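Have the structure open beside you as you read.

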Amino acid sequence: MIWFVRHGETVWNVENKICGATDSPLTERGHAQAVETGEMIKKMGIKADAILYSPLSRAKDTAAHISEICGIPMREEIRLIEQRFGKYESTPRDGKEFHEAKKQFLNRYDGGESMFQMAQRIYNLLDELKENGGDYILVAHNGIARVVHSYFNEMTNDEYASFGVKNCSVSEYRFE
């Protein structure tokens, strides 16, 4: 079983900027969201073997709040780092050009990482977790949420490019 948690609100989320692999910290609200999510996970009785988190501070800090509340050990997983969006990092998140660029799965965004490259590392991680067995909470980013969702669900290119989850949302996925 996998539970995917997107990190809490960041400074650049508030400013409507694409964070990508740029390390934008959590806001006070983001920390509060992470605490609320940890309390919700505990109340739901979710038991996981480990929390795996992206090395970016927004995911690490979110994971730390959840770990402290739920008593679940956490460890960094480098493959969960957000996609490098190259020339689009720090540009408006709702930009039309960026939305269209996300449909071009081989595009590296002038210095970034393609959707295929990101999907390979996330699919490889999910394959390993499936093979190892156990239950995990993954704390990462919206771009990673898109890939995780596509691993478990059939999606069109348009659905994939438009998919997103809210800060500190919890999504459940089961290996078949």
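1. A word on terms before we start: helices (H or I, at least four residues) and strands (E, at least two) are DSSP runs, numbered from the N terminus. This is a predicted model, where local features need pLDDT of at least 70, side-chain atom pairs count only at pLDDT 80 or more, and totals for chains, interfaces and linings use all residues. Residues are numbered from 1 along each chain as its sequence is written, and side-chain values use heavy atoms, leaving out hydrogens and water.

2. Start with the sheet. Five strands make an open, mixed sheet in the order β3-β2-β4-β1-β5 (two strands pair if DSSP finds at least two bridges between them). Because β3 (74–76) and β5 (170–173) stand at the edges with a single partner strand each, one side of each has no neighbour in the sheet. From one strand to the next, the twist averages 25°.

3. Now look at one strand pair. β1 (residues 2–6) and β5 run antiparallel and are joined by four bridges. W3 has E172 of β5 as its bridge partner.

4. Which strands does helix α3 lie across? Helix α3 (residues 57–70) lies across β1, β2 (50–53), β3 and β4, at about 165° to β2. Angles run from 0 to 180 degrees between N-to-C directions, with axes fitted to C-alpha atoms, for helices over the stretch in contact; contact means heavy atoms within 4.5 Å.

5. Helix α2 (residues 28–43) lies across β1, β4 (136–140) and β5, running at about 40° to β5.
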